[in-house]
Amino acid sequence: MAQRLPPEVRRERIVDTAMELLAEKGYRGLTMKAVAERCGLTAPAVTYYYRDMPTLLIAVLRRRDALDGDRFIPTGPDDTLTAEDIAAGVYQSMMEDPHAARLRTVMSIEAMDPSHPAHDACKERDEAVVAFLVSHLGDQYDDADRLARTLIAALEGVQSAWLRHPDYIDLKMSLQDIVNWVITEHVASCEALAAERARA
């Protein structure tokens, strides 16, 4: 007889199992049937908690994001993230779980279509990542929201290039370079805007 578990425990176990399969086989090897078999459940039992694969994948990504947050160790003043901290956190995340990084990239592309079942969830996740970064940049920069969004866009470009062709770029150096460049350009832009306003 299957062990009766509280619904939240069951949901957590399904996500944990999906993450295990993702690490072993990649996102293309992740199916509702495979998750159900590993959990000792039927496929309908899994869909009771996660109605379809996009819903389950979003749950996996949110769990991955929560774990990734621990990889960003602030070393700046008042526990803020420096450029080096940001680049190092992204690099560590990609090295330790490249399948999850690939899943994030594929999902973000597929979910650009507003009719995609994960479209709204991906948008919410994007905003959560922005909020995380803004909160850890502190008062170091003017218009931290714009800086965070630009950093995320630039970092996604580097990650996508590396995922397509791992030998194409040096991931660690490229991440550091792009973070430094974005922050330098952002500071210069804010200073130029402040000077223009002062002259007006």
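## Arg146 and Asp143

Arg146 is partly exposed at 32% relative accessibility; here buried means under 20% relative accessible area, exposed over 50%, and partly exposed in between, with a 1.4 Å probe and protein chains only. The side chain of Arg146 meets that of Asp143 in a salt bridge, 3.1 Å from N to O, where a salt bridge is a side-chain nitrogen of Lys or Arg within 4 Å of a carboxyl oxygen of Asp or Glu. Asp143 is likewise partly exposed, at 43%.

## Basis and confidence of the model

The model is predicted: local features need a pLDDT of at least 70 and side-chain atom pairs count only at pLDDT 80 or more, while totals for chains, interfaces and linings use all residues. Residues are numbered from 1 along each chain as its sequence is written, and side-chain values use heavy atoms, with hydrogens and water left out.

The protein chain has an average pLDDT of 88, and 98% of its residues score at least 70; pLDDT is the predictor's confidence in each residue, from 0 to 100. Helices (H or I, at least four residues) are DSSP runs, numbered from the N terminus.

## Nonpolar cores

The largest nonpolar core contains 30 residues, and those with the most contacts inside it are Ile14, Val35, Tyr50, Leu56, Val60 and Met107. Such a core is a set of buried Ala, Val, Leu, Ile, Met, Phe, Trp, Tyr and Cys residues joined through side-chain atoms within 4.5 Å. Two or more residues come from each of α1 (7-25), α2 (32-39), α3 (43-49), α4 (53-69), α6 and α7 (119-137). Helix α4 gives the most, with seven residues.

Leu56 illustrates the packing: leaving aside neighbours within four places in sequence, Leu56 is in contact (heavy atoms within 4.5 Å) with Ile14, Val15, Ala18, Met32, Val35 and Tyr50. A second, separate core of 27 residues includes Ile86, Leu133, Tyr141 and Val182.

Helix α9 has 29 residues and reaches 42 Å from its first C-alpha to its last, close to the 42 Å expected at 1.5 Å a residue; the expected span is 1.5 Å times one less than the number of residues. At the start of α9, a side-chain oxygen of Asp170 reaches to within 3.2 Å of the backbone nitrogen of Lys172. The buried residues of α9 are Leu171, Ser174, Leu175, Gln176, Val179, Val182, Ile183, His186 and Cys190, and they pack against α5 and α8 (144-164).

Helix α5 has 14 residues and spans 20 Å between its first and last C-alpha, close to the 20 Å expected at 1.5 Å a residue. Its buried residues are Ala83, Asp85, Ile86, Ala87, Gly89, Val90, Ser93 and Met94. What covers them includes α4, α6, α7, α8 and α9.

## Further salt bridges

The whole structure holds 14 salt bridges. One of them joins the side chains of Arg64 and Asp97, at 2.8 Å from N to O. This pair links distant parts of the chain, with Arg64 in helix α4 and Asp97 in the loop between α5 (83-96) and α6, 33 residues apart. Arg64 is buried at 10% relative accessible area, and Asp97 also counts as buried, at 11%. In the bridge between Arg51 and Asp52 the N to O distance is 3.8 Å; Arg51 is exposed at 61%, whereas Asp52 is partly exposed at 22%.

Salt bridges that share partners join Asp65, Arg104, Arg125 and Asp126 into one network. Within helix α7, Arg125 is buried, with a relative accessible area of 15%. Not counting residues up to four places away in sequence, Arg125 touches Leu61, Asp65 and Arg104.

## Backbone at Asp79

Asp79 has a positive phi of about 60° although it is not a glycine. Asp79 lies in the loop between α4 and α5 and is exposed, with a relative accessible area of 57%.

Technical notes: Polar contact = N/O pair within 3.5 Å; in protein donor to acceptor, adjacent residues only side chain to side chain.
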